Amino acid sequence: MKFKINPPFSLAKIFGSGDNQNIRALDFQPADVILEGKLPIVLPYDQTSLEMVIHIDRVRQGKNGHVNKVIQLTLEFTYEGVTYSVEHRCGFEEIFPLLELTSRFGGFSYTFQKHSSRNSLLDYQQFVREQIQNHQRYGIHLPFPPRRIFSICVGLVWISILLCCFIFLLLPTAKTPENRFIIWLFTGLIVLLALDGVRNLWRYSRTKNKLKQLQRR
């Protein structure tokens, strides 16, 4: 199994003064992991420890909104006293495919690095920690924090209002086929947004119920 590395932006690497290992991918073989760069680095699982540093930050979303997110992972492979550090720009969901491979290593740990002092990051860090524990124990995890349910519901309300406006108010006033086509096009986009919101709520609810069942056993 191979994971392509998405390195974060770095001026040092652009000007050639960064890490000369330049790891492009991780190739997880049956007995070892290969760090693919200018020269491949082969690390036997049983003699290698892995530390995963999870970077979280509060980032802008939209014009006035902000959201807490996982923005990067730093994977530190230590073999025979030498540590090879790999930085991978990614999101929350990309933690878990890597997490499923950590049992192969001689040791594994994870820590967090906050890129902001906002108090809400502490709550988000706890959420991510709980989902890592859920995935390690049960193989599943919640897709997003519970507080996001409110924003999704508010979004669905606004989408419903827009949908009614397009269909019942604007469509009857359209004078030409071109105008009606544009209105139906935007209506279709709004419906797709609504379906995505409903899908996210359904996915959260299904996973939450499944976790409750597993935790009772």
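**Notes on the predicted model**

1. Glu 36 is partly exposed, at 21% relative accessibility (buried is under 20% relative accessible area, exposed over 50%, partly exposed in between; 1.4 Å probe, protein chains only). Please keep in mind that this is a predicted model, where local features need pLDDT of at least 70 and side-chain atom pairs pLDDT 80 or more, while totals for chains, interfaces and linings use all residues. Residues are numbered from 1 along each chain as its sequence is written, and side-chain values use heavy atoms, without hydrogens and water.

2. Glu 36 has a charged partner: Lys 2 forms a salt bridge with Glu 36, and their closest N and O atoms are 3.3 Å apart (Lys or Arg side-chain nitrogen within 4 Å of an Asp or Glu carboxyl oxygen). The pair joins distant parts of the chain, with Lys 2 in strand 1 (residues 2-4) and Glu 36 in strand 3 (residues 32-36), 34 residues apart. Helices (DSSP H or I, at least four residues) and strands (E, at least two) are numbered from the N terminus.

3. The whole structure holds three salt bridges. Asp 123 is partly exposed at 46% relative accessibility, whereas Arg 147 reaches 59% and counts as exposed.

4. Asp 196 pairs with Arg 199, their closest N and O atoms being 3.0 Å apart. These two residues are about one helical turn from each other, because they are three residues apart in helix 5. Both ends are partly exposed: Asp 196 has 35% relative accessibility and Arg 199 has a relative accessible area of 42%.

5. One of its members, Val 191, sits in helix 5 (residues 177-216). Val 191 is partly exposed, with 34% relative accessible area.

6. Now for the inside. The largest nonpolar core counts 49 residues, and Leu 26, Phe 28, Leu 35, Ile 54, Phe 77, Ile 95 and Val 128 have the most contacts inside it (buried nonpolar residues joined through side-chain atoms within 4.5 Å). Leu 35 touches Ile 23, Ala 25, Leu 26, Pro 40, Ile 41, Leu 43, Phe 77, Tyr 84 and Val 86, leaving aside neighbours within four places in sequence (contact: heavy atoms within 4.5 Å).

7. Finally, the overall picture. The chain has five helices and eight strands, running β-α-β-β-β-β-β-β-α-β-α-α-α from the N terminus on. Its C-alpha atoms fill a box of roughly 75 × 55 × 35 Å along the principal axes. Of the 217 residues in the chain, 35% are buried. Among contacts between residues at least 6 apart in sequence, 55% join residues at least 24 apart. The accessible surface comes to about 13,600 Å², and carbon and sulfur atoms account for 57% of this area (Shrake-Rupley method, 1.4 Å probe).
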